[in-house]
Amino acid sequence: MKLTPLGDRVVLKQKEIETTTKSGIVLTGKPEEKPQEAEVIAVGTGQTEDGKEVKMVVQPGDQVVFSKYAGTAVKLGEDEYIIVKQSDIIARIEKD
């Protein structure tokens, strides 16, 4: 199965919660929240708002930061995704 977003929607896969620090210390306990960083899995075709075309500025493979309470959680098989509007994506993470 495959998720194909419509309009200006974007399918994201959230990053896993870190359980070990960079120095190798294992973190115990249950984390309070999932990180707001994710990888773009699929993007819609865009849409028209107020007579203007809204182009998609993210593409599959991009690493992004999205709004804390944005989107709809979807489980497809064993994988969990979040579907958000493109406007809920705050930033793209670019590596130096």
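Which residue in β7 does Ala-73 stand opposite? The points below take up this pairing and its surroundings in what is a predicted model.

1. Overall make-up. The chain contains eight strands and zero helices. Read from the N terminus, its elements therefore follow the pattern β-β-β-β-β-β-β-β. Of the 96 residues in the chain, 25% are buried. Among contacts with a separation of 6 or more, 63% are between residues 24 or more positions apart.

2. The sheet. An open sheet is formed by six strands, arranged in the order β6-β7-β1-β2-β5-β8, with antiparallel pairing. Its edges are β6, residues 72-76, and β8, residues 89-93, each of which pairs on one side only. On average, and with direction ignored, neighbouring strands of this sheet are turned by 40° against each other. In general, the strands of a sheet pair through backbone hydrogen bonds, in either a parallel or an antiparallel manner.

3. The β6-β7 hairpin. The opening question is answered by Ile-82, the residue of β7 that stands opposite Ala-73. β6 and β7 run antiparallel and are joined by five bridges. Together the two strands form a hairpin with two residues between them. Gly-77 lies in the turn and has a positive phi of about 65°.

4. The β2-β5 pairing. Strand β2 (residues 37-43) and strand β5 (residues 63-66) also run antiparallel, and three bridges join them. Here Ala-38 has Val-64 of β5 opposite.

5. Gln-86. This residue is found in the loop between β7 (79-85) and β8. Is Gln-86 buried or exposed? Gln-86 counts as buried because its relative accessibility is 12%, and the cut-off for a buried residue is under 20%. A polar atom of the Gln-86 side chain lies 2.7 Å from the backbone nitrogen of Val-57. When neighbours within four places in sequence are left aside, Gln-86 is in contact with Asp-8 and Val-10, and also with Val-54, Lys-55, Met-56, Val-57 and Val-58.

6. Aromatic rings. How many aromatic pairs does the count give? The count comes to zero aromatic pairs, where a pair requires ring centres within 6.5 Å.

Technical notes: Residues numbered from 1 in each chain as written. Predicted model: local features only at pLDDT ≥ 70, side-chain atom pairs only at ≥ 80, totals over all residues. Heavy atoms only, no water. Pairing = 2+ DSSP bridges. Helix = DSSP H or I, 4+ residues; strand = E, 2+ residues; numbered from the N terminus. Axes fitted to C-alpha atoms, helices over the stretch in contact; angles between N-to-C directions. Phe/Tyr/Trp six-rings, centres within 6.5 Å; stacked < 30°, edge-to-face > 60°. Buried < 20%, exposed > 50% of the residue type's maximum accessible area, 1.4 Å probe, protein only. Polar contact = N/O pair within 3.5 Å; in protein donor to acceptor, adjacent residues only side chain to side chain. Contact = heavy atoms within 4.5 Å.
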